[in-house]
Amino acid sequence: MTDTDDLLVRREGGVLVLTFNRPAQRNALTQEMQARLGEELAAAELDREVGCVLLTGADGAFCAGGDVKNMARGHAAGQPIDQLRRMEAQRQSQRRTSLRLFEMGKPTIAALPGAAAGAGLSMALACDMRIAAETAIMSTAFVKIGLSGDYGGTYLLTQLVGPAKARELYLLGDRIDMKEALRLGLVNWVVPAAELAAKAMEIAQRLATGPRLAHRHIKDNLNRAMNASFAECLDTESANLMQLRETEDHKEAARAFAEKRPPRFTGR
């Protein structure tokens with residue numbers, strides 16, 4: 001796997017690490033970064049060597065969202081706008097990034113060394129779990145630049161903290177420190193900045209070496225539970241459980257339990 005200047009890509013065992021890399025702009029997104037991120041996520045979903053995706057940012061920031069200075073330059077230049085084409089491009093970009101992080105059948109983790117704002121926050125919330133440095137901050141930020149939100153943040157934040165708090169965070173756009181983020185359930189762990197990379201990799205490797213077929217079906221159960229009825233969730237759980245009972249991973253785990261040893265999962 002190769003890097004571009006703005007998105008660094010590496011693999012450690014079964015963990016694919018994707019790093020936003022525009023530190024001078026607090027890792028603000030460009031169209032090229034978003035396109036490359038979508039390509040890497042699509043490839044990771046099909047790559048049997050990848051068991052977990054870890055998304056992070058370089059040099060003390062996660063992602064500041066869209067590049068507002070670049071937006072301002074575009075407005076000043078009076079660039080012509082094809083509104084329908086732009087809307088479709090935005091729709092497809094969101095599906096290739098946030099939606100794939102949320103729905104892909106492999107665990108996804110966001111490691112936040114610093115600010116996660118705007119679309120950057122949305123992508124962090126699309127991941128299954130979040131770990132943050134004590135010095136990180138979060139902000140929806142959109143209202144500060146006269147925008148309404150993208151990359152699924154309004155949906156994801158409402159699911160995580162409830163509609164009243166989500167409205168407060170979007171309409172005011174205030175910063176959230178990690179003590180408050182942990183209290184609200186926006187992050188799973190908060191650690192000293194110096195420990196973030198190691199702790200994030202520890203969690204990611206634990207997931208990457210786990211039962212990958214079970215992970216896929218667990219995510220399916222949990223995602224469906226966000227909108228389905230209880231009866232529909234029961235049916236989904238039953239179908240997924242019955243499929244997993246026939247896998248080698250389940251049979252190996254049952255043997256390992258009986259033999260009092262760690263299981264060796266193969267994803268089959």
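**View 1. Gly-118 and its contacts.** Leaving aside neighbours within four places in sequence, Gly-118 is in contact with Ser-139, Thr-140, Ala-141 and Phe-142. Contact means heavy atoms within 4.5 Å. This is a predicted model: local features need pLDDT of at least 70, side-chain atom pairs count only at pLDDT 80 or more, and totals for chains, interfaces and linings use all residues. Residues are numbered from 1 along each chain as its sequence is written, and side-chain values use heavy atoms, with hydrogens and water left out. Gly-118 sits in the loop between strand S5 (116-117) and H4. Helices (H or I, at least four residues) and strands (E, at least two) are DSSP runs, numbered from the N terminus. Gly-118 counts as buried because its relative accessible area is 6%. Buried means under 20% relative accessible area, exposed over 50%, and partly exposed in between (1.4 Å probe, protein chains only). From Gly-118 to Phe-62 is 56 residues in sequence and 11 Å in space, C-alpha to C-alpha.

**View 2. Helix H4, inside the structure.** Eight of the eight residues of H4 are buried, so H4 is largely enclosed by the rest of the structure. Look for Ala-119, Gly-120, Leu-121, Ser-122, Met-123, Ala-124, Leu-125 and Ala-126.

**View 3. Tyr-170 in helix H6.** Helix H6 spans residues 163-172 and holds Tyr-170. Tyr-170 is buried because its relative accessibility is 13%. Beyond neighbours within four places in sequence, the contacts of Tyr-170 include Ser-122, Phe-142, Gly-153 and Leu-157. Thr-154 is another contact.

View 4. H3 (residues 83-103) has 21 residues. From first C-alpha to last, H3 reaches 28 Å, close to the expected 30 Å. The expected span is 1.5 Å times one less than the number of residues. At Arg-95, H3 bends by about 35°. That bend is the angle between axes fitted to the seven residues ending there and the seven starting there. Ser-93, Thr-97, Ser-98, Leu-101 and Phe-102 are buried in H3. The partners of the buried residues of H3 include helix H1 (31-46), strand S3 (52-57) and helix H9 (212-225).

**View 5. Two loop residues with positive phi.** Most residues other than glycine have a negative phi. Asp-59 has a positive phi, near 55°. Asp-59 is in the loop between S3 and helix H2 (68-76). Asp-59 is exposed because its relative accessible area is 66%. Ala-141 also has a positive phi, near 70°. The place of Ala-141 is the loop between strand S7 (137-139) and H5.

**View 6. Thr-236 in helix H10.** Thr-236 belongs to helix H10 (residues 230-245). With 14% relative accessibility, Thr-236 counts as buried. Setting aside neighbours within four places in sequence, Thr-236 is in contact with Asp-220, Asn-221 and Arg-224.
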